[in-house]
Amino acid sequence: MKELKKLLIELENLIPNHELLNPSVSKSNVGWHIEHILLTMNLVLESIHKSDPVNYKRTFNFNRLLVFSLNKIPRGKVRAPKAVQPKEYFTADSLIYHLEKAKTNLEKLSTLSANNYFEHPFMGHLNLKSTIRFIKIHTAHHIKIIKEIIESTN
């Protein structure tokens with residue numbers, strides 16, 4: 001949980017760079033990546049809160065095994081589902097709004113059972129521990145891209 005809070009602080013510090021873009025690093029600008037991280041985080045956290053732990057089913061999933069073994073998401077291999085693709089227009093204020101919502105959602109995790117779960121489109125059911133791990137890996141993946149964009153434009 002502490003690691004996720006640190007990642008949110010890091011993300012917050014990157015918001016002033018939201019307009020930076022380098023198409024040789026990513027087709028999307030820094031703000032798009034921040035918005036995508038926050039949309040994903042909020043959707044996942046809201047889903048896990050609504051889940052019924054009784055319905056959790058752990059099954060073998062190669063994609064989950066790969067991502068969790070490598071502790072990273074292979075770049076450019078997966079397209080974000082529409083639900084977590086940012087709209088064309090967002091501002092620093094809208095990014096901050098989504099960030100505050102993520103902080104609130106994160107605080108609620110402590111009330112959940114170990115078998116509350118999120119159903120990931122490629123990795124199947126992720127229980128609480130796996131969901132937190134996925135969010136960390138996903139957030140770190142995009143922060144790495146953001147930092148590459150920022151470094152390449154300086």
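Of the 154 residues in the chain, 44% are buried (under 20% relative accessible area with a 1.4 Å probe, protein chains only; exposed means over 50%). This is a predicted model, in which local features need pLDDT of at least 70 and side-chain atom pairs count only at pLDDT 80 or more, while totals for chains, interfaces and linings use all residues. Residues are numbered from 1 along each chain as its sequence is written, and side-chain values use heavy atoms, without hydrogens and water.

User: How do you know that the span of helix H4 agrees with its number of residues?
Analyst: A helix is a DSSP run of H or I with at least four residues, and its expected span is 1.5 Å times one less than its number of residues. The 16 residues of H4 (92-107) should therefore span 22 Å, and the end C-alpha atoms lie 23 Å apart, which agrees.

User: Why are the buried residues of H4 said to line one face?
Analyst: Leu-95, His-98, Leu-99, Ala-102, Asn-105 and Leu-106 are buried in H4. Seen down the helix axis, they fall within an arc of 125°, so they line one face; the arc is taken from the directions from the axis to the C-beta atoms. On the other side, Asp-93 and Tyr-97 are exposed.

User: Which helices do the buried residues of H4 pack against?
Analyst: They pack against H1 (2-14) and H2 (30-50), where contact means heavy atoms within 4.5 Å.

Key. Helices (H or I, at least four residues) and strands (E, at least two) are DSSP runs, numbered from the N terminus.
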